[in-house]
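This briefing covers the pockets, the cavity and the helix packing of one protein model. Please read it with the structure open.

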Amino acid sequence: MTLQIADRNRVRTITLDRPEALNAFNEALYDATADALLAAAEDPAVAVVLLTGNGRAFSAGTDLLEMHERTTNPDFVPGKHGFLGLLDSLVAFPKPLVCAVNGLGLGAGVTILGYADLAFMSTTARLKCPFTSLGVAPEAASSYLFPQLMGRQNAAWMLLSSEWVSAEEALSMGLVWRVCEPDDLLAEAHRHAEVLAARPISSLVAVKRTMTEPVRAEIRAARDRENAAFAQLMGGPANLEALTAFAEGREADFTSLPPGW
C-alpha cells in the first residue's frame, strides 16, 4: 500500500505512505496519488483534500533509484499516470487542496506546493528543490508558480541553489501559509480544512475555478518549456554524473563535464 486515505467532516486526508523511502514518488505512488485526487474530485461527499506524508518526510520527490533505472533500462515500464498524470490531476483538481508538510520535502515534494490552496509546515521540516544538483530543469510549472507565490528572487534561490530551506524561511518567502509545531501540524491543518469543508462545495469549486482559470494557459506553457528542457538535460553528462553518484553513495562532481555542461 502506498497511500492512506481517511474521511472526516467532508475532508479527505491523503497520506503518502512509503516511509521507508521517505515517501519518494515511484510510478506506483504517482499513479495512486493521481487516482486518489481524481476520485476525490468526483466524490460529492468530499469538499476538501488534505495531503500529507507518513514518517519523517513529506516526500523526497521522484525516486532516484527508479529514475536511474528509467534512464538506463530500455525495458522500463512506466505507470498509468506517472509524474505528468499526477500534475494533470493537480492542475485540474477543482476543490480546495490543503498540504501539511510534516517533514522533508524535495523536488516534487516541494513543487506540489505550487498547487496548494493552503500549505502548512512543521517547524522541523525542510525543503529543497535539487534540480541543479541533479543536472536537470525545474518541473511542475514551478518556474512560473514559484515566482508568483514567492517573488522572483526567492524563487530563483529555491530553484537555482539546490539548498535547504527551513520552515521559517519558507514562511517568510510565502511558499507556505502557516508554520506549526510537529504535534500540532495535522490538527491545525485539518481544523482549517474543516472550516472550508463546512461551506457549499459548489461555492468552493466556483471560487477556486475563478482563481485558477486565468493561469491555466501559463501553467501549460511553463510545463511545456520545462519538459523540453528536462528532455534535453535528462541523460546528459550532468544528470548521469548526478544519478551515478547517488547510486554509488558519493557527492556528484560536475567540474569535469564537457564545456557548457
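The largest pocket of this predicted model holds about 1,200 Å³ of space. Of the 49 residues that line the largest pocket, Thr 62, Asp 63, Leu 64, Met 67 and Leu 134 are the closest to its centre. The second largest pocket has about 580 Å³ of space, and the largest cavity about 40 Å³. Helix H3 (82-92) is among the elements that supply at least two residues to the lining of the largest pocket, and H3 also packs with H10 and with H1.

**Largest pocket**

- At least two lining residues come from each of helix H1 (27-42), helix H2 (64-72), helix H3 (82-92), strand S6 (104-106), helix H10 (216-233) and helix H11 (237-248).
- The element that gives the most to this lining is H2, with 5 residues.
- Sorted by class, the lining of the largest pocket consists of 28 nonpolar, 11 polar and 10 charged residues.

**Second largest pocket**

- The lining of the second largest pocket is made of 22 residues, and those nearest its centre are Ala 116, Asp 117, Lys 208, Met 211 and Thr 212.
- Two or more residues of the lining come from each of H3, helix H5 (142-150), helix H9 (201-212) and H10.
- H9 contributes 5 residues to the second largest pocket, the most of any element.
- The class count for this lining is 15 nonpolar, 3 polar and 4 charged residues.

**Cavity**

- How many cavities of 30 Å³ or more does a search of the whole structure find? The search finds 1.
- The residues that line the largest cavity are Phe 83, Leu 86, Leu 87, Leu 90, Ala 108, Thr 111, Ile 112 and Ala 140.
- H3 and helix H4 (108-111) are the elements that give two or more residues to the cavity lining.
- H3 gives the most to the lining of the largest cavity, with 4 residues.
- The cavity lining has 7 nonpolar residues, 1 polar residue and no charged residues.

**Phe 83**

- Phe 83 belongs to helix H3 and is one of the residues that line the largest cavity.
- Beyond its neighbours within four places in sequence, Phe 83 is in contact with Tyr 30, Ala 108, Glu 139 and Ala 140. Ala 108 and Ala 140 are also among the residues lining the largest cavity.
- Between Phe 83 and Leu 22 there are 17 Å in space, C-alpha to C-alpha, and the two are 61 residues apart in sequence.

**Packing of H1 with H3**

- The axes of H1 and H3 cross at roughly 20° and come within 8 Å. H1 is therefore roughly parallel to H3.
- The crossing of H1 past H3 is left-handed.
- On H1 the contact residues are Glu 27, Tyr 30, Asp 31, Thr 33, Ala 34, Leu 37 and Leu 38, and on H3 they are Gly 82, Phe 83, Gly 85, Leu 86, Ser 89 and Leu 90.
- The contact of H1 with H3 counts 7 nonpolar, 4 polar and 2 charged residues.

**Packing of H3 with H10**

- H3 packs with H10 at an angle of about 165°, and their axes are 12 Å apart. Because of that angle, H3 is roughly antiparallel to H10.
- H3 passes H10 in a crossing that is right-handed.
- H3 makes the contact through Leu 84, Leu 87, Asp 88, Val 91 and Ala 92, and H10 through Arg 216, Ile 219, Arg 220, Arg 223 and Asn 227.
- By class, 5 nonpolar, 1 polar and 4 charged residues form the contact of H3 with H10.

**Packing of H5 with H6**

- H5 and helix H6 (residues 152-161) have axes 7 Å apart and pack at an angle of about 135°. H5 is therefore oblique to H6.
- H5 and H6 make a right-handed crossing.
- The contact involves Ser 142, Ser 143, Phe 146, Pro 147 and Met 150 of H5, together with Arg 152, Asn 154, Ala 155, Met 158 and Leu 159 of H6.
- The contact of H5 with H6 has 6 nonpolar, 3 polar and 1 charged residues by class.

Technical notes
Residues numbered from 1 in each chain as written. Predicted model: local features only at pLDDT ≥ 70, side-chain atom pairs only at ≥ 80, totals over all residues. Heavy atoms only, no water. 1 Å grid on protein atoms, 1.4 Å probe; cavity = no way out; pocket = protein on both sides within 12 Å on 5 of 7 lines; lining within 4 Å. Points joined across faces, edges and corners; volume = space filled by probe spheres on them. Nonpolar A, V, L, I, M, F, W, Y, C, P; charged D, E, K, R; others polar. Axes fitted to C-alpha atoms, helices over the stretch in contact; angles between N-to-C directions. Parallel < 35°, antiparallel > 145°, perpendicular 65-115°, else oblique. Left-handed = near helix turned anticlockwise from the far one by under 90°. Contact = heavy atoms within 4.5 Å.
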